[in-house]
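These are my notebook entries on a structure that I had not looked at before.

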Amino acid sequence: MFPPVSAVDIEVQDITKSFGSTAVFKDVSFRLARGEAVALVGANGTGKSTLLRCVMGLLPVTGGQVILLGKNATAAKSKALRDLRARIGLVSQKHNLVPRLSVLSNVCHGLLGRSPSIRHWGHPVAPKTSREAAMHALEKVGLADFATRRADRLSGGQSQRVAIARAIVGKPEILIADEPCASLDPSAGEDIMDLFFELARGEGVTVVFTSHNIEHALRYGDRVLGLAGGSMRLDATAASLSASDLRGLYD
Amino acid sequence: MTSVSLPTRFERPNAVAFLGYALGLTLVFWCLGGAGFSIEKMVSAPPRFADFVDRAFPPNTDPKTLARLGWKMVETLQIAVAGAVIGVILSVPIALIAARGLVAGLWVNQITRNILGFVRAVPDIAWALVFVVAVGLGPFAGMLAIAVDTIGFCGRFFADDMEATDKGPAESLTATGARKLDVVACATIPAAMPAFVSTSLYALEKAVRSSTILGLVGAGGIGIELKVGFDLFDYPTAMSVILMIAVVVIAIEQLSGWTRTKIIGEQR
Ligand SMILES: Nc1ncnc2c1ncn2[C@@H]1O[C@H](COP(=O)(O)OP(=O)(O)O)[C@@H](O)[C@H]1O
Ligand SMILES: [Mg+2]
């Protein structure tokens with residue numbers, strides 16, 4: 001059952017995004033209730049990543065608006081938008097860790113939104129509570145022993161775990177993941193998905209993730225949204241769908 | 001024999017190309033004329049040059065002179081290192097403003113880049129003349145000239161280096177709600193660091209080369225010895241200066257190349 005409508009964490013209202021004169025998607029709407037996990041599926045290049053960037057305000061929308069945690073993110077000034085982003089964790093397809101810095105410093109960066117300070121530029125200067133929070137996050141992803149290792153000396157799976165630690169260290173209310181296992185081999189990818197959802201369910205956070213893996217979408221999502229041809233073609237509970245229903249989106 | 005026809009060895013140039021060649025050749029001759037090119041002087045040069053070499057060799061190896069030159073060389077390197085370090089440090093904030101899509105708007109980027117272009121266009125020796133007027137004769141004027149020259153060079157290339165970094169980490173940090181300046185400090189600058197080191201070492205090499213001639217205009221360093229040597233027809237001493245400069249410049253280039261590979265590996 002869905003939670004009551006009052007607890008809506010993400011509300012996307014008729015957003016349109018164009019690059020120059022080419023529209024990626026048009027009049028897309030959906031809402032996410034608190035604690036829900038939603039899979040966003042669609043073929044490569046349909047605009048899943050672009051949609052997530054618009055939701056986080058990393059790209060300006062061409063039309064429509066996004067309401068995050070009850071606040072209008074599209075109309076928000078930069079400070080208000082940063083405060084909203086600080087309550088959301090993002091994991092991208094590429095781990096996007098800062099090379100040459102230690103794993104622990106990379107995790108400390110996850111606190112830059114919650115408390116913007118020069119002290120979160122790296123773990124050597126970070127406050128004790130922040131270093132503890134970062135170590136705790138690393139422990140959750142099973143990499144506490146790698147804290148002082150350079151981030152560019154990790155395997156793909158380990159890097160993605162550190163990226164997850166960076167996303168959860170600030171105790172986000174929403175987690176957004178853009179094909180978190182697309183750059184990993186299948187078994188490492190499964191591990192990452194299991195870990196990600198174990199953490200997300202454990203904390204009761206709202207989750208949006210994109211995938212072009214139909215099994216993942218059905219297994220991890222409560223609900224599946226399907227993007228195709230620039231509009232939302234599908235919005236149904238995972239239980240009511242079968243793999244063949246989703247394959248139609250890729251034609 | 002066969003039906004294949006051999007292509008002609010040379011294509012006949014068409015009229016436009018022919019006109020282009022003719023224009024180019026005319027331009028070169030015009031320049032040679034302007035440069036006072038003279039066969040006569042070319043012919044008379046070798047004996048005169050031989051005469052110079054004859055009078056300059058052996059170079060002056062008098063210990064007292066060498067000690068004086070050595071100290072002047074130390075001063076030269078002090079000017080170069082101090083100027084380059086100050087220039088590199090000041091270049092970082094300037095490059096932040098010059099780099100597109102980082103902290104400043106496009107107009108600010110372009111204006112900053114144009115100013116840096118102007119700074120680079122003015123030769124180092126001209127900056128030295130300006131600073132001799134501003135702060136008086138001596139090494140301080142030279143150091144300021146080197147610092148400004150370094151800003152012109154590093155400001156531009158640091159900005160290019162930052163623009164060329166992978167945007168992924170910066171986007172991920174922006175997504176955590178970090179401020180622009182924090183994102184630049186935590187993602188962009190660490191990613192550009194190897195390029196910064198490499199560019200800074202080139203700037204140091206350039207500074208050492210420049211600093212050896214700043215003395216010609218009274219801005220400190222060993223250049224003054226070169227000028228005095230030639231003015232007094234003391235060619236052996238002048239030759240010692242030239243050899244000393246060559247040795248130091250080559251040594252600095254080697255050292256900088258070695259440091260570059262040590263610090264950042266083979267990658268650029
Ligand atoms: N910054 C950009 N400028 C222009 N076009 C872009 C930009 N980012 C994405 N696109 C285009 O938008 C479309 C959707 O891309 P994307 O959101 O990455 O798709 P997906 O994540 O579903 O694979 C693609 O056609 C892509 O070329
Ligand atoms: Mg994508």
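**Entry 1: chain A.** I began by counting elements, and in chain A I found eight helices and 10 strands. I bear in mind throughout that the model is predicted. Next I looked up the radius of gyration of chain A, which is 18 Å.

**Entry 2: chain B.** Which elements make up the secondary structure of chain B? I counted 10 helices and zero strands. Read along the sequence, the pattern of chain B is therefore written α-α-α-α-α-α-α-α-α-α. For chain B I recorded a radius of gyration of 26 Å, well over the 18 Å that the globule rule gives for 268 residues, so chain B is more spread out than a compact globule. The box filled by the C-alpha atoms of chain B, taken along the principal axes, is roughly 80 × 75 × 40 Å.

**Entry 3: helices α6 and α8 of chain B.** I then examined pairs of helices in chain B. Helix α6 (residues 139-163) and helix α8 (residues 180-211) of chain B have axes that come within 9 Å and cross at roughly 150°. Because angles over 145 degrees count as such, α6(B) is roughly antiparallel to α8(B). I noted the crossing of α6(B) past α8(B) as right-handed. On the α6(B) side, the contact includes G142(B), I146(B), F153(B), F157(B) and M162(B). On the α8(B) side, I listed T188(B), A192(B), F196(B), A203(B) and K206(B) among the residues taking part. By class, the residues of this contact of α6(B) with α8(B) are 11 nonpolar, seven polar and three charged.

**Entry 4: helices α9 and α10 of chain B.** At what angle do the axes of helix α9 (residues 223-231) and helix α10 (residues 235-264) of chain B cross? I found roughly 155°, with the axes coming within 8 Å. That makes α9(B) roughly antiparallel to α10(B). The crossing of α9(B) past α10(B) is left-handed. From α9(B), E225(B), L226(B), G229(B) and F230(B) meet Y235(B), T237(B), A238(B) and V241(B) of α10(B). I sorted the contact of α9(B) with α10(B) into five nonpolar, two polar and one charged residues.

**Entry 5: where the chains meet.** How many residues of chain A are in contact with chain B? I counted 22 residues of chain A, in contact with 18 residues of chain B. Helix α2 (residues 78-85) of chain A gives the most to the side of chain A that touches chain B, namely three residues. That side of chain A has 11 nonpolar, six polar and five charged residues.

**Entry 6: ligand 1.** Lastly I looked up what surrounds ligand 1. I recorded F19(A), V24(A), G42(A), N44(A), G45(A), T46(A), G47(A), K48(A), S49(A) and T50(A). Helix α1 (residues 48-55) of chain A supplies the largest share of this shell, three residues. By class, the shell around ligand 1 has two nonpolar, seven polar and one charged residues.

Technical notes
Residues numbered from 1 in each chain as written. Chains lettered and ligands numbered in written order. Predicted model: local features only at pLDDT ≥ 70, side-chain atom pairs only at ≥ 80, totals over all residues. Contact = placed C-beta atoms within 7 Å. Helix = DSSP H or I, 4+ residues; strand = E, 2+ residues; numbered from the N terminus. Nonpolar A, V, L, I, M, F, W, Y, C, P; charged D, E, K, R; others polar. Axes fitted to C-alpha atoms, helices over the stretch in contact; angles between N-to-C directions. Parallel < 35°, antiparallel > 145°, perpendicular 65-115°, else oblique. Left-handed = near helix turned anticlockwise from the far one by under 90°. Near = placed C-beta within 6 Å. Rg over C-alpha atoms; globule rule 2.2 N^0.38 Å.
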